[in-house]
Amino acid sequence: MDRSSNFQPAVYIMANHKNGTIYTGVTSDLPKRAWEHSSGAVEGFTKRYNCKRLVWFELHSTMEHAIMREKQLKAGSRKAKIWQIEASNPDWRDLFFDIAR
């Protein structure tokens, strides 16, 4: 695995708008991955449903921990994901510029 200087395992949630469609993912480079989603550079679910807003993320010490957390979130209900977002970002503000380098 390429452990570049940007290597930081993270779980994240993208959304198209407040209380809209949400997508949960895992990555080793959150700024890059969030930009890929927001710019539409990634084919698939987020592009199809216009999920361009980074509304929640959680950093992890290892990719294994991040993957376990992603699976936990994906196995949970939509209500639980919304609670997770609103606990730290009640307005569903796009957090991309908070993390962009």
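Is E70 buried or exposed? I looked that up to start my notebook: E70 is buried, with a relative accessible area of 11%. Buried means under 20% relative accessible area, exposed means over 50%, and partly exposed lies in between (1.4 Å probe, protein chains only).

**Ground rules.** I am working with a predicted model, where local features need pLDDT of at least 70 and side-chain atom pairs count only at pLDDT 80 or more, while totals for chains, interfaces and linings use all residues. Residues are numbered from 1 along each chain as its sequence is written, and side-chain values use heavy atoms, with hydrogens and water left out.

**Salt bridges.** I found 5 salt bridges listed for the structure; the term means a side-chain nitrogen of Lys or Arg within 4 Å of a carboxyl oxygen of Asp or Glu. Side chains of opposite charge can pair when their charged atoms come close. E70 meets K74 in one of them, at 3.2 Å from N to O. Being 4 residues apart in helix 3, E70 and K74 are separated by about one helical turn. K74 is partly exposed at 44%.

Next I looked at R69, which forms a salt bridge with E58, with the closest N and O atoms 2.8 Å apart. This pair links distant parts of the chain, since R69 is in helix 3 and E58 is in strand 3, 11 residues apart. R69 counts as buried at 16%, and E58 as partly exposed at 21%. Helices (H or I, at least four residues) and strands (E, at least two) are DSSP runs, numbered from the N terminus.

**Helix 4.** Which residues are buried in helix 4 (residues 78-88)? I noted K81, I82, Q84 and I85. The face turned away from the buried side carries the exposed residues K79, W83 and A87. Among the elements covering the buried residues are strand 1 (10-15) and helix 3 (63-75). Here a contact means heavy atoms within 4.5 Å.

**Strand 2.** I finished with two residues here. Y23 lies in strand 2 (residues 22-27) and is partly exposed at 21%. Not counting residues up to four places away in sequence, Y23 touches Y12, I13, M14, H37, F45 and T46. T27 lies in strand 2 too, and counts as buried at 10%. The side chain of T27 reaches the backbone nitrogen of D29 at 3.1 Å.

How values were computed: Polar contact = N/O pair within 3.5 Å; in protein donor to acceptor, adjacent residues only side chain to side chain.
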